[in-house]
Amino acid sequence: MKRDVAEECEGKREKGLMDINMMTDLGREAIYLVLHLGLPILLVTLAVGLFVGILQAMTQIQEQSLVFVPKVLVVLFILGLLLPSILTNMVEYMQTLITEIPGRF
């Protein structure tokens with residue numbers, strides 16, 4: 001049974017199909033890129049939400065839109081600042097992905 005699976009995998013590799021290691025590496029790189037690009041936005045939003053939550057607790061104002069509006073404004077501001085860097089990283093990743101896929105077979 002194991003030999004049949006190994007022969008089948010070897011046959012697929014000869015045909016130019018991806019094996020599990022290649023797919024795992026590509027998935028790991030994609031997850032790392034998503035974390036690298038999204039983490040600054042999430043951390044700033046978390047800090048603003050925490051600050052507004054503490055401010056609400058101190059003043060006893062329990063208005064839900066008071067938390068939502070600053071978060072949206074900060075996310076838009078941070079996206080405006082980081083968008084060139086995010087796009088550059090995504091384009092570089094896609095260029096390396098497209099150029100390296102034929103070499104990975």
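The model is predicted, and local features were taken at pLDDT of at least 70, side-chain atom pairs at pLDDT 80 or more, and totals for chains, interfaces and linings from all residues. Residues are numbered from 1 along each chain as its sequence is written, and side-chain values use heavy atoms, with hydrogens and water left out.

The protein contains three helices and zero strands. Its elements run α-α-α from the N terminus on. Helices (H or I, at least four residues) and strands (E, at least two) are DSSP runs, numbered from the N terminus. Contacts were defined by heavy atoms within 4.5 Å. Among contacts between residues at least 6 apart in sequence, 69% join residues at least 24 apart. The accessible surface comes to about 8300 Å². Carbon and sulfur atoms account for 71% of that surface. Accessible areas come from the Shrake-Rupley method with a 1.4 Å probe; for residues, only the protein chains shown count as cover.

Burial was assigned by relative accessible area: buried is under 20%, exposed is over 50%, and partly exposed lies in between (1.4 Å probe, protein chains only). Of the 105 residues in the protein, 15% are buried. The largest nonpolar core holds eight residues. Its members are Leu26, Leu33, Leu37, Ile41, Ile78, Ile86, Tyr93 and Leu97. Helix 2 (20–59) and helix 3 (65–104) each supply at least two residues of this core. A nonpolar core here is a set of buried Ala, Val, Leu, Ile, Met, Phe, Trp, Tyr and Cys residues joined through side-chain atoms within 4.5 Å.

Threonine 45 is found in helix 2. It is buried, with a relative accessible area of 17%. Its side chain reaches the backbone oxygen of isoleucine 41 at 2.7 Å. That isoleucine is one of the core residues. Leaving aside residues up to four places away in sequence, threonine 45 touches Lys71 and Val75. Valine 72, in helix 3, lies 8.4 Å from threonine 45, C-alpha to C-alpha. The two are 27 residues apart in sequence. Valine 72 is partly exposed, at 33% relative accessible area.

A second pair spans a longer stretch of sequence. Histidine 36 and asparagine 89 are 53 residues apart in sequence and 9.5 Å apart in space, C-alpha to C-alpha. Histidine 36 lies in helix 2. It counts as partly exposed, at 44% relative accessibility.

Charge pairing was examined next. Side chains of opposite charge can pair when their charged atoms come close. The count comes to one salt bridge, defined as a side-chain nitrogen of Lys or Arg within 4 Å of a carboxyl oxygen of Asp or Glu. It joins the side chains of aspartate 25 and arginine 28 (3.1 Å, N to O). Both residues lie in helix 2, three residues apart, about one turn of the helix. Aspartate 25 is partly exposed, at 29% relative accessibility. Arginine 28 is exposed, at 53%.

A nonpolar patch lies on the surface. It is formed by Leu50, Phe51, Ile54, Leu55 and Met58, with about 560 Å² of accessible area together. Patches are made of residues with over 30% relative accessible area and no salt bridge; like charges are joined within 9 Å, and nonpolar side chains (Val, Leu, Ile, Met, Phe, Trp, Tyr) within 5 Å. Methionine 58 lies in helix 2 and is exposed, at 63% relative accessibility.

Glutamine 56 is also found in helix 2. In contrast to methionine 58, which is exposed, glutamine 56 is buried, with a relative accessible area of 9%. Not counting residues up to four places away in sequence, glutamine 56 touches Ile61, Gln62, Glu63, Leu66 and Val67.

Glutamine 60 is found in the loop between helix 2 and helix 3. Its phi is near 60°, a positive value in a residue other than glycine. Most residues other than glycine have a negative phi. Glutamine 60 is exposed, at 68% relative accessibility.

Notes. A polar contact is a pair of N or O atoms within 3.5 Å; within protein, one must be able to donate a hydrogen and the other to accept it, and residues adjacent in sequence count only if both atoms are side-chain atoms.
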